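Hi there,

Here is the structure I promised to pass on. Have a look at it first, and then read my notes below.

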Amino acid sequence: MTPVSAEAGSAIDASDALPAGDVPLEKIATETYVPLAKPSLIGLSRAEIAEKLGSIGVAPAQRKMRTQQIWHWMYVRGVQTFAEMSSISKGMREDLEKHFTVARPEVVVEQISNDGTRKWLLRLPSGTAGEKAHEVECVYIPETDRGTLCVSSQVGCTLNCSFCHTGTQRLVRNLTAGEIVGQIMVARDRLNDWANRETPDGNRRVTNIVMMGMGEPLYNFDAVRDALLIVSDNEGIGISRRRITLSTSGVVPNIKRTGEEIGVMLAISLHAVRDELRNELVPLNKKYPLEELMQACRDYPGASNARRITFEYVMLKGVNDSLDDAKLLVKMLKGIHAKINLIPFNPWPGTRYECSDWDQIEKFSEYIFNAGYSSPVRTPRGRDILAACGQLKSETEKLSARERQALRAMAMTD
Ligand code: SAH
Ligand code: SF4
């Protein structure tokens with residue numbers, strides 16, 4: 001847990017569903033991760049791998065070199081067994097195999113949308129004896145010039161934004177760094193995207209990462225930081241920090257730490273420009289109101305014209321989509337290196353919100369554009385496989401078959 005979640009003493013919700021009415025600002029995890037008897041080396045830092053090697057009797061003088069070799073095999077070559085690590089002696093490979101794995105989360109289902117989007121349902125061990133394993137989803141979105149992987153940070157979410165499906169679920173637990181890196185490993189495995197395996201056109205498939213799946217990454221700060229440092233490591237997966245975007249609903253104390261300790265691009269789930277409305281849409285706003293959030297953005301280490309902060313704004317009909325809102329938005333972002341991302345609301349069963357009409361989205365977007373901001377409207381992708389923003393669902397909180405059908409029908413109609 002991060003220091004921020006630890007201080008969340010008032011946030012109590014261990015039940016399955018959030019109580020109606022007085023919704024707590026933050027939920028607490030119902031589980032903690034229980035380490036596996038035979039742990040995976042994925043997600044460990046070099047120092048931690050060296051320590052593990054020490055624990056199985058590898059001599060101190062050898063540890064650094066062995067760690068480098070293992071790192072290369074895991075993160076450049078993507079091997080799934082120690083047996084394939086041919087530069088390491090057979091005896092040591094057998095020793096490693098006895099005590100550790102290079103396992104990633106198990107793929108339960110792979111779905112491929114008719115627009116090429118892929119969604120993997122991944123199985124993660126439960127922390128409670130006898131309870132079913134948990135599942136999180138990870139989504140790959142191919143575009144002409146890039147391939148973006150949308151990665152989850154928690155099973156469920158600490159927060160409870162009223163327009164987000166994940167927000168209606170309990171927080172089961174934080175993912176470990178290994179489970180976060182594991183999502184990128186799985187995507188590379190399934191897309192045949194490792195360095196020594198040729199992709200059909202010679203280009204890498206996964207070029208960008210967005211921490212925009214299930215969960216609030218800044219309530220799982222340490223694991224997210226450790227994972228992203230591995231993903232951006234030049235001697236491994238090597239995805240540049242400029243191609244990694246972390247999205248937060250506004251956990252102010254950890255925004256600065258993100259810039260300082262991770263150095264990735266920042267996205268803020270803004271969605272409203274008045275505190276009163278934002279308190280309703282993103283209740284965390286009551287703890288960190290707009291003024292504090294905007295100050296944290298102004299102070300974000302490394303922000304510049306070339307490294308703009310993305311402000312995400314979900315378009316909710318009659319709620320936040322007026323031209324007055326657009327005007328306030330432009331005013332509020334003055335002095336911040338910003339770009340705006342308008343997201344058409346993705347409906348889910350039981351939600352009280354509707355997506356803004358298309359011509360209203362266009363008017364809103366045009367106003368922002370004329371004020372000098374690029375304001376792309378995010379095209380919903382993978383709706384037929386429920387892969388769009390806010391539609392990610394885990395097995396623990398599974399929809400009934402009927403709900404699923406209703407969701408698909410909604411997704412297909414526009
Ligand atoms: N918890 C983080 C990251 C995950 S959510 C955050 O909130 O930033 C990724 C993005 O999808 C956020 O901007 C979120 O507000 C948005 N989102 C959530 N539910 C949505 C929905 N039903 N339709 C459209 N966007 C949604
Ligand atoms: Fe959590 Fe983000 Fe959904 Fe809010 S929008 S409930 S922070 S996943």
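**Ligand 1 and its contacts**

A nitrogen atom of ligand 1 sits 2.9 Å from a backbone N or O atom of asparagine 346. Please keep in mind that this is a predicted model. Taken alone, ligand 1 exposes 530 Å², and the protein buries 95% of that.

Phenylalanine 163 takes part through its backbone, with an N or O atom 3.3 Å from a nitrogen atom of ligand 1.

In total, 21 residues surround ligand 1. Gly215, Ser247, Ser269, His271 and Asn346 are the closest of them. If you sort this shell by class, you get 10 nonpolar, nine polar and two charged residues. Which strands each supply at least two residues of the shell? They are S8 (244-248), S10 (309-315) and S11 (338-344).

**Ligand 2**

The residues around ligand 2 include three cysteines, Cys157, Cys161 and Cys164. Leu159, Gly167, Gly215, Glu216 and Ser249 complete the list. By class, four residues of this shell are nonpolar, three are polar and one is charged.

**How the helices pack**

Two packed helices are described by the angle between their axes and the distance between the axes. I have two pairs for you, and helix H6 (residues 221-231) belongs to both.

With helix H7 (residues 252-262), H6 has an axis approach within 11 Å and a crossing angle of roughly 25°. Angles under 35 degrees count as roughly parallel, so H6 is roughly parallel to H7. Their crossing is right-handed.

With helix H5 (residues 177-190), the axis of H6 comes within 8 Å, and the two cross at roughly 40°. H5 and H6 are therefore oblique to each other. Here too, H5 passes H6 in a right-handed crossing.

Best wishes

Key: Residues are numbered from 1 along each chain as its sequence is written. Chains are lettered from A and ligands numbered from 1 in the order in which they are written. This is a predicted model: local features need pLDDT of at least 70, side-chain atom pairs count only at pLDDT 80 or more; totals for chains, interfaces and linings use all residues. Side-chain values use heavy atoms; hydrogens and water are left out. A residue is near a molecule or strand if one of its heavy atoms lies within 4 Å of it. A polar contact is a pair of N or O atoms within 3.5 Å; within protein, one must be able to donate a hydrogen and the other to accept it, and residues adjacent in sequence count only if both atoms are side-chain atoms. Accessible areas come from the Shrake-Rupley method with a 1.4 Å probe; for residues, only the protein chains shown count as cover. Helices (H or I, at least four residues) and strands (E, at least two) are DSSP runs, numbered from the N terminus. Ala, Val, Leu, Ile, Met, Phe, Trp, Tyr, Cys and Pro count as nonpolar, Asp, Glu, Lys and Arg as charged, and the others, Gly among them, as polar. Axes are lines fitted to C-alpha atoms, for helices over the stretch in contact, and angles run from 0 to 180 degrees between N-to-C directions. Angles under 35 degrees count as roughly parallel, over 145 as roughly antiparallel, 65 to 115 as roughly perpendicular and the rest as oblique. A crossing is left-handed if the near helix is turned anticlockwise from the far one by less than a right angle, and right-handed if clockwise.
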